[in-house]
Amino acid sequence: MHGAQRETIEARVGCAGSIADLQEAFAKRNALQCGFCTPAMLLTAQDLLTQNGAPSREQIREHISGNYCRCTGYQAIVDAVEAVVAQSRAKGKSQ
């Protein structure tokens, strides 16, 4: 692929902001499992939160639906993204 740009999760690991919050939430809610889909799920979730800071569970499910996960059944992943949304709302109210 000439002229194409690729961004990997390694470029964002440890960065401040939603990706770090998502990584923490994934770990706390056992949404990591085998780790095969995790990078794509994290990047996809970050993309969603950038576009829509307060998505519904259905919107989260729809947005991550292009990533295949065989281990978690998506429930833990949706829970983790939803937790970051709630955390972001709480931070916004306290500031």
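Let's start with Lys 91 and Asp 21, whose side chains meet in a salt bridge with an N to O distance of 3.9 Å. Lys 91 sits in helix H4 (residues 75-94) and Asp 21 in helix H1, so this pair ties together parts that are 70 residues apart in sequence. A salt bridge here means a side-chain nitrogen of Lys or Arg within 4 Å of a carboxyl oxygen of Asp or Glu. Helices are DSSP runs of H or I with at least four residues, numbered from the N terminus.

A word on the model: it is predicted, so local features need pLDDT of at least 70 and side-chain atom pairs count only at pLDDT 80 or more, while totals for chains, interfaces and linings use all residues. Residues are numbered from 1 along each chain as its sequence is written, and side-chain values use heavy atoms, leaving out hydrogens and water.

## The other salt bridges

How many salt bridges does the structure hold? There are 4. One of them joins Lys 28 to Glu 24, with the closest N and O atoms 3.0 Å apart. Both residues lie in helix H1, 4 residues apart, which is about one turn of the helix. Lys 28 is exposed, at 61% relative accessible area, while Glu 24 is partly exposed at 44%. (Buried means under 20% relative accessible area, exposed over 50%, and partly exposed in between, using a 1.4 Å probe and protein chains only.)

Arg 57 and Asp 79 also meet in a salt bridge, at 3.0 Å from N to O. This pair links distant parts of the chain, with Arg 57 in helix H3 (residues 57-64) and Asp 79 in helix H4, 22 residues apart. Together with Glu 82, these two residues form a network of salt bridges.

A disulfide is a covalent bond between the sulfur atoms of two cysteines. The cut-off used here is a pair of cysteine sulfur atoms within 2.5 Å, and a search of the whole structure finds 0 disulfides.

Cys 34 is exposed at 57% relative accessibility, whereas Cys 69 is buried at 8%.

## Two residues in a loop

Asn 30 is found in the loop between helix H1 (18-28) and helix H2 (38-51), and its phi is near 55 degrees, a positive value in a residue other than glycine. Gln 33 is found in the loop between H1 and H2, with a positive phi near 50 degrees.
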